[in-house]
Amino acid sequence: MIIIGERINGMFQDIAKAINDRDPKAVQEWARQQEYNGAHYLDINVGPSSREPVEAMKWLVEVTQEVSDLPLCLDSTKYDAIEEGLKVCKQPPMINSVPAEMPKMERVFAMAAEHGAEVICLTMNEEGIPKDADVRVGLAAELVATADAYGIAPDMLYIDPLVLPCNVAQDHGPEVMRTLREIKMISDPAPKTTVGLSNISQGTKNRELINRTFAVMAMANGLDSAIADACDDELMAAVAAARIILDMDIYCDSFVDVFKQHNR
Amino acid sequence: MAVEIMKEKYRSKVGEVVLGATKDEGGTRSHTITVGGESALPFLHFEGEIPNRPVVAMEIWDIVPEEWNDCFKEYFGDVYSDPAAWAKKCVEEYGADLIQIRLKGADPDLADKSPEDCADLVKKVLEAVGVPVIVIGSGKAEKDAKIYTPIAEACAGENLLMGVAELEDYKAVTSACMANNHNVIAQSPIDINICKQLNILISEMSPAMAKRIIIDPTVAALGYGIEYSYSIMERARNGALQGDKMLAMPMIGNAGFESWRIKEANIPEEEQPAWGEQEERGILWETTTAMAYLQSGIDILVMRHPEAVRVIKGNIDDLMKDNSY
């Protein structure tokens, strides 16, 4: 499973302060730590309160790339910020994200096609997040078809079925699992899938346990990647074990280290 | 409408390892040999690159090989007691790409040769031939641990391939290779998990050694588990092509050693008339075994019988012909 390290995000105070002061220390430290612990991509999000998101995104991308060669995941609802980030990325990044809403899809898929970027696609539209799997899969198909019109292959898309906290919307859990399975039947090649892992445990006790249990269950249902805390050692170990059980990696006694150390 | 033929796409490829060193590179070899580098399954030239042809090493011993079948005397009987001449004959008359010296004489139960004698012998073989050289211990781990460093030091610069490192005994030979820039054979007992783990352990001793490992997955002879070896090698190679760095090394196999220790290759015709003439049978057994391992992705075949070597080298010529479309 591809781990998109979530930590460079302006909703964390140290990153917000770093952006505000233009002091790259905290950003670069988190970039290094997440890479060291096995992240495959680094999510870059200027945070909800940034007053100048376009400039902040450019700066975050640049200072992150100074210390890490990992591909980035440009995370913003402000597409001007993403476009600015795309211009300075050294290698094609992921765009995070686009919902199944026409004007937004048009803007994002055009940018993605131009820059060769992958795109995280949300199974929601103007009406919000659907509860049942059928509607989610329908929106996923819309996203795949629209991307195709821009020449973007389905396997460049990461469909996010959108998880809600398990204490708020418990009945969404099985629907998300079914959505993950059925997304794989939309097209050949199939789209990839992703989730914002820690959403599942917002406001709960024992968050790490819920996160890693969800991760391995979702992997068994076809989850390809997750935006997650790459520095959560137990999560990374659980993912490593799930990869062995799903025959994605060949077993050896050091299987946890091998999964975490692939960047080193 | 044109039909598009589906081709497998691979994410990664096998690493390349250079064996031997010329004068300019600090050694005395007439040329070097590069193995590995495949970016497709064996000989599927239409799906990727097979940049380096598989090579054949011929096996020599440092003592007279009493246990070898008598049919080998016709070819090597005159040089059995002179390993340097034996090596020369393998290269000049029988076309060996490399020489593998098995230091059987170091075995405390046989000649119990000293580490210095072993190092001298390897030096003599290096003087006699220009091809890259493989050096294997006696098979007795305790004694072998004492001979690796003297040999590695005496041959510093020659970029040897030395072995064998096993899960329980990998440190001595690996550190000898590390300190003197040689390559190491990592041997596992027909077990993909141990194969990978051993490569990890060697790489942890020194990241640079990860690029100097040749995998010996252990090759069984035809009729003695060849299908197990095949499936392990296939799994390792598929792992390598899909990006598993700890399996992305070239492979070596002792096809000669394994084939010539089984009864089918050795029992005289008088005892089994229905099996046919013994030498021809043995040659066929070694050749068939080696051919199967070429198809499994072997990069270095270690062989014994000159006729089997001749046939296999022709087979490699055929397999290396471009079949891409």
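**Why these labels?**

Reader: Why is Met320(B) called partly exposed?

Author: Met320(B) has 14 C-beta neighbours inside 10 Å. A residue is buried with 20 or more other C-beta atoms within 10 Å of its own, exposed with 12 or fewer, and partly exposed in between, with C-beta atoms placed from the backbone. So Met320(B), with 14, counts as partly exposed. By the way, this is a predicted model: local features need pLDDT of at least 70, side-chain atom pairs count only at pLDDT 80 or more, and totals for chains, interfaces and linings use all residues. Residues are numbered from 1 along each chain as its sequence is written, while chains are lettered from A and ligands numbered from 1 in the order in which they are written.

Reader: Which residues is Met320(B) in contact with, leaving aside its neighbours within four places in sequence?

Author: Ile50(B) and Arg53(B). Contact takes C-beta atoms, placed from the backbone, within 7 Å. Met320(B) itself sits in the segment after α11 (306-319) of chain B; helices here are DSSP runs (H or I, at least four residues; strands are E, at least two), numbered from the N terminus.

Reader: What makes up the side of chain B that touches chain A?

Author: Ten residues of chain B, in contact with six of chain A. α6 (192-205) and α7 (226-241) of chain B each supply at least two of that side's residues, and α6(B) gives the most, with five.

Reader: At what angle do α6 (residues 133-149) and α7 (residues 172-183) of chain A pack?

Author: About 35°, with their axes 9 Å apart. Axes are lines fitted to C-alpha atoms, for helices over the stretch in contact, and angles run from 0 to 180 degrees between N-to-C directions.

Technical notes: Contact = placed C-beta atoms within 7 Å.
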